[in-house]
Amino acid sequence: HHLTGRDIVELSLNTYSECVTAFCEADQLMGTAFRQLVQSINTARDFYIEQNSDSENPAWGFQTQFATDCNKTRRFVVYIDQIASDPEIGTAVLKNPNLSFRAVRKLLGVDSDTREAALAELEQTGKLTEPRIEQIETELSEFETAQIERDTELEREKTHRQILEYIQPS
């Protein structure tokens with residue numbers, strides 16, 4: 001289902017509870033709109049490449065042409081295309097209706113270990129939020145720090161043993 005202006009309903013914001021509901025519904029709509037952006041740009045790229053298959057690099061110029069045709073900045077189109085053409089993130093966006101734009105943006109900026117762990121969790125639970133990605137990033141960082149400290153301590157003990165053996169050979 002494609003989003004249209006008809007999908008945006010007149011808001012009733014007369015109570016706190018109505019505001020919470022409206023906010024959650026809007027967030028869901030944004031997720032749907034985001035998936036529509038990703039699907040549209042992926043399909044458009046395929047058509048563009050097919051139409052330019054005679055050229056040496058058929059994808060060349062796609063982002064600029066698409067930005068012009070959509071009356072959007074090239075920067076915006078490049079950003080959406082970066083998400084859409086990333087095999088892991090693009091697939092995650094299309095498969096998970098509850099994945100927010102903020103979570104996707106966070107996934108783009110984390111290291112590969114954090115991304116891998118976060119996407120694995122998304123695969124298992126069907127949920128992933130920006131704060132959870134930050135938590136995973138922190139947990140991995142703390143684990144790596146502990147590992148480095150352990151390795152350093154083992155190296156220190158080994159060096160200490162070697163010095164003792166050198167000073168006091170058995």
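1. In which helix is Arg45 found? Arg45 is found in helix H1, where helices are DSSP runs of H or I with at least four residues, strands are runs of E with at least two, and both are numbered from the N terminus. Arg45 counts as buried at 14% relative accessibility; buried means under 20% relative accessible area, exposed over 50%, and partly exposed in between, with a 1.4 Å probe and protein chains only. Leaving aside residues up to four places away in sequence, Arg45 touches Phe62, Asp81, Ala84 and Ser85, a contact being heavy atoms within 4.5 Å.

2. A word on the basis of these values. This is a predicted model, in which local features need pLDDT of at least 70 and side-chain atom pairs count only at pLDDT 80 or more, while totals for chains, interfaces and linings use all residues. Residues are numbered from 1 along each chain as its sequence is written, and side-chain values use heavy atoms, with hydrogens and water left out.

3. The protein has 7 helices and 0 strands, giving the pattern α-α-α-α-α-α-α along the sequence. Its radius of gyration is 25 Å, well over the 15 Å that the globule rule gives for 170 residues, so the protein is more spread out than a compact globule. That radius is taken over C-alpha atoms, and the rule is 2.2 Å times the number of residues to the power 0.38. Along the principal axes, the C-alpha atoms fill a box of roughly 85 × 60 × 25 Å.

4. Of the 170 residues, 24% count as buried. Among contacts with a separation of 6 or more, 50% are accounted for by residues 24 or more positions apart. The accessible surface comes to about 12,500 Å², and 53% of this belongs to carbon and sulfur atoms; the areas come from the Shrake-Rupley method with a 1.4 Å probe, and for residues only the protein chains shown count as cover.

5. How many aromatic pairs does a search of the whole structure find? The search finds 4, counting rings of Phe, Tyr and Trp (its six-membered ring) whose centres lie within 6.5 Å; planes under 30 degrees apart are stacked, over 60 edge-to-face, and the rest tilted. Phe34 and Phe101 form an edge-to-face pair, 4.9 Å centre to centre with 75° between the planes. Phe34 lies in helix H1 (residues 16–51) and Phe101 in helix H5 (residues 101–109), so the pair ties together parts that are 67 residues apart in sequence. Phe34 is buried at 5% relative accessible area, whereas Phe101 is partly exposed at 27%. Ring pairs link Phe34, Tyr79 and Phe101 into a cluster.

6. Arg35 is also placed in helix H1. Is Arg35 buried or exposed? Arg35 is buried, with a relative accessible area of 12%. Val93, Leu94, Asn96 and Pro97 are touched by Arg35, again not counting residues up to four places away in sequence.

7. Asn71 sits in the loop between helix H2 (62–70) and helix H3 (74–85). Its phi is near 55°, a positive value in a residue other than glycine. Asn71 counts as exposed, at 69% relative accessibility.

8. Val78 is in helix H3 and is partly exposed, with a relative accessible area of 26%. The C-alpha atoms of Val78 and Gln162 are separated by 56 Å, and the two residues are 84 residues apart along the chain.
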